[in-house]
Amino acid sequence: MNEDLKVNLSWLPQDHLEASSPENVSTAVSSLIPVVDPEPELIVNPWDIVLCTSGTLISCENAIVVLIIFQNPNLRAPMFLLIGSLALADLLAGLGLIINFIFAYLLQSEATKLVTIGLIVASFSASVCSLLAITVDRYLSLYYALTYNSERTVTFTYIMLILLWGASICIGLLPIMGWNCLKDESTCSVIRPLTKNNAAILSVSFLLMFALMLQLYIQICKIVMRHAHQIALQHHFLATSHYVTTRKGVSTLAIILGTFAACWMPFTLYSLIADYTYPSIYTYATLLPATYNSIINPVIYAFRNQEIQKAFWVICCGCIPSSLSQRARSPSDV
């Protein structure tokens, strides 16, 4: 401040400075300096607020699903275990977004940044892997319909859960164990402190899992069409019922895959081609739709399920609507 004062006063006559008191000098200087209104400083990034809001909605929505499955002992079949795994992964992802927002503005440190990014990466990895596991389970339930409800299926389900959560936790621990770009910023990806190689591996893994899910759902669609055709033949209304049921099943599968791809594909492809030098607005714009997938998952996989709907109504009001209790499951409910 003293140096600035000297520079600002250098243009004044020397005898005038010596004859004037410090108060007069300050008054003279302040009267000659133009008054400029300071621009309002942006304290919180609006994108971070949106992500935190999304995380809050994700946490609340998936907490309901976890609570329903945890409290109802009848929901212990392999399908419900996998849906519970998906809801738990999305719940942790939502909490990770909230914690990341809190730490980013209240407790900034490298340690908290590594922990929160590790939690988010592990949670979203478990979420995507759970989606793949649900797809595998749906395929097995149709392809091996006669032997699906056996101890071997339950054992296989637990093995899938152990593998997907073990792999996801290991992926989340990589930044904490040292595979980060805190010491070399040139290796950073669009998500700091993940390295470019780490982000590329995650993106390629996602593309491979999506290709596998696509192939499995194509096979599921063929099985559903065949089952619908057989049921229609048995009831002698092939022309209308077969078409309607098949179209409903195909539409359901298209919604599932289309939603998954629309949410995750932009961020996946962007992570492959971009790095830390790209504007952060592109990262936010592609990451936000990926978080929406965790909002949509409970609607597609949990709340559409008849047994979960019944358990939800029992918890809320202690009753089951008659329309829900009389609804029969069709081949299109995949």
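Student: What makes up the nonpolar surface patch of about 470 Å²?

Tutor: In this predicted model, the patch is made by Val-115, Ile-169, Leu-173, Ile-176 and Met-177. Met-177 is found in the loop between helix H7 (151-173) and helix H8 (196-235).

Student: Why does Met-177 count as exposed?

Tutor: Met-177 has 67% relative accessibility. Exposed means over 50%, so Met-177 counts as exposed.

Student: How many aromatic pairs are there, and what makes the pair of Tyr-139 and Tyr-143 stacked?

Tutor: The count comes to 13 aromatic pairs. For Tyr-139 and Tyr-143, the distance is 5.4 Å centre to centre, with 15° between the planes. Pairing requires centres within 6.5 Å, and planes under 30 degrees apart count as stacked, so this pair is stacked. Both residues lie in helix H6 (residues 110-143), 4 residues apart, about one turn of the helix.

Student: Why is the pair of Tyr-270 and Tyr-282 called edge-to-face?

Tutor: The ring centres of Tyr-270 and Tyr-282 are 6.5 Å apart and the planes are at 75°. Planes over 60 degrees apart count as edge-to-face, so the pair is edge-to-face. Tyr-270 is in helix H9 (residues 238-273) and Tyr-282 in helix H10 (residues 280-302), 12 residues apart.

Student: How do you know whether Tyr-270 is buried or exposed?

Tutor: Tyr-270 has a relative accessible area of 10%. Buried means under 20%, so Tyr-270 is buried.

Technical notes
Residues are numbered from 1 along each chain as its sequence is written. This is a predicted model: local features need pLDDT of at least 70, side-chain atom pairs count only at pLDDT 80 or more; totals for chains, interfaces and linings use all residues. Side-chain values use heavy atoms; hydrogens and water are left out. Patches are made of residues with over 30% relative accessible area and no salt bridge: like charges are joined within 9 Å, nonpolar side chains (Val, Leu, Ile, Met, Phe, Trp, Tyr) within 5 Å. Accessible areas come from the Shrake-Rupley method with a 1.4 Å probe; for residues, only the protein chains shown count as cover. A salt bridge is a side-chain nitrogen of Lys or Arg within 4 Å of a carboxyl oxygen of Asp or Glu. Helices (H or I, at least four residues) and strands (E, at least two) are DSSP runs, numbered from the N terminus. Buried means under 20% relative accessible area, exposed over 50%, partly exposed in between (1.4 Å probe, protein chains only). Rings of Phe, Tyr and Trp (its six-membered ring) pair if their centres lie within 6.5 Å; planes under 30 degrees apart count as stacked, over 60 as edge-to-face and the rest as tilted.
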